Amino acid sequence: MTLEDLIAREEIRQLRCDYSTAFDTIDEAAVRANFVDDIVCHYPVAFGGAITGVEAVLELFRATWAHCNAPLDTVHFIGNHSIELTGPDTATGHCLLLDFVTRQGEGSPITTRGGHDNPMLLIGRYDDEYVRVDGKWKFKTIRLMTAWPMRAE
């Protein structure tokens, strides 16, 4: 493995962290910056299903954020990130996800999405494809599989 490979892997790890932070802080511009225009996201049906294109994904996120009272109403913790470089500007990877709701109440994501009283909204795994565009790594494909509270693909 070369120094360039290690740098690329760390940049991809940072991309996943930046995405989670941008989502949790309701920063649409930062979320958009992490995606290619023709991104394909595969979410469980309960969370939107298969979506193509950055505008369609952002529309889903706007609908989700509408149930939040403030930034950090949801918090995504990611770990066990594994990355495989598949070319000079392409890679695949996966990581685990713990998604928590920090505030409960009418209209909060815990009552509208989780359907349970546990502050942990879900446990899941992201399987991603990444591409480097103009020197910056971005998501090409995101696939979220959930393991709890329901198993869905």
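Predicted model: local features only at pLDDT ≥ 70, side-chain atom pairs only at ≥ 80, totals over all residues.
## Ground rules

Local features here need pLDDT of at least 70 and side-chain atom pairs count only at pLDDT 80 or more, while totals for chains, interfaces and linings use all residues. Numbering starts from 1 along each chain as its sequence is written, and side-chain values use heavy atoms, with hydrogens and water left out.

## The nonpolar core

Let's start inside. A nonpolar core is a set of buried Ala, Val, Leu, Ile, Met, Phe, Trp, Tyr and Cys residues joined through side-chain atoms within 4.5 Å; buried means under 20% relative accessible area, exposed over 50%, and partly exposed in between (1.4 Å probe, protein chains only). The largest such core has 33 residues, and Phe35, Ile39, Tyr43, Val57, Phe61, Phe139 and Ile142 have the most contacts inside it. Elements giving two or more residues to this core are α1, β1 (35–42), α3 (54–65), β4 (90–101), β5 (120–133) and β6 (136–148). The most comes from α1, with six residues. Helices (H or I, at least four residues) and strands (E, at least two) are DSSP runs, numbered from the N terminus.

Phe61 touches Tyr19, Phe23, Val31, Phe35 and Tyr43, leaving aside residues up to four places away in sequence. Contact means heavy atoms within 4.5 Å.

Ile7 lies in helix α1 (residues 3–24) and is partly exposed, at 42% relative accessible area.

Over in strand β3 (residues 74–87) sits Leu85, also partly exposed, at 26%. Leu85 touches Asp5, Ala8, Arg9, Ile12, Thr90 and Ala91, again not counting residues up to four places away in sequence. Leu85 and Asp5 are 80 residues apart in sequence, yet 7.5 Å apart in space, C-alpha to C-alpha.
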